[in-house]
Each structure stands twice: as structure tokens, then as C-alpha cells.
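Student: I would like a close look at a single part of this protein, please. Could you take me through it in one connected answer?

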Amino acid sequence: MELFLQGLRVAAVIALLCISAALATPPGRLPLALRGLKKIMRKDQGLAPDATTNATVSPRRKFLAFIVALLAVAVVLWR
């Protein structure tokens, strides 16, 4: 049972961090880790890199992403 609960905690932390990354990413862009992967894949296929956009994220979304990340930390530390 303990192992099952630890697995649920790990899944919850991963889900919360994914949500936080999605909130902190400008609309129409991939999160930072996936942008690097996309760049490598495009280079392997012989394609030119994507043009960068200067889209910004609202302060409210940044704050919400921070709160979700703190919630993920709370899940990690909760016993």
C-alpha cells in the first residue's frame, strides 16, 4: 500500500509540474525543455529552426504557475 501511495505522489508531482510549465509558457510555444528537443529533431531532419516569437506571459499566469509549483513541493514534503 505504501508503494502505491508513493507512486501516486510521484504522479501528482509530475502532473503539477507539467501544469506549472504549461501556465508559464507563452501561448503558441512549447515549454523550454520541449523546445530544445524540437530544435534537435528539426536539425536531424534537415529543416531550418523555427522563428522565435516574443510572446509574453501575463503576471497572473506566472503567479499561478508559481503557486502550482509550490503545491508540487508541498506534495513532495507531505508525509
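The buried residues of helix 3 are A65, V68, A72 and V75, where buried means under 20% relative accessible area, exposed over 50% and partly exposed in between, with a 1.4 Å probe and protein chains only. These four cover an arc of only 70° around the axis, which puts them on the same side of helix 3; the arc is that of the directions from the helix axis to the C-beta atoms. This is a predicted model, in which local features need pLDDT of at least 70, side-chain atom pairs count only at pLDDT 80 or more, and totals for chains, interfaces and linings use all residues. Residues are numbered from 1 along each chain as its sequence is written, and side-chain values use heavy atoms, with hydrogens and water left out. Confidence in the protein chain is highest in helix 3, at a mean of 95, on the pLDDT scale from 0 to 100, the predictor's confidence in each residue.

The buried residues of helix 3 pack against helix 1; helices are DSSP runs of H or I with at least four residues, numbered from the N terminus. V68, for example, touches L16, I19, S20 and L23, not counting residues up to four places away in sequence, contact being heavy atoms within 4.5 Å. On the face of helix 3 turned away from its buried side sit the exposed residues P59, R60, F63 and L77.

How values were computed
Helix = DSSP H or I, 4+ residues; strand = E, 2+ residues; numbered from the N terminus.
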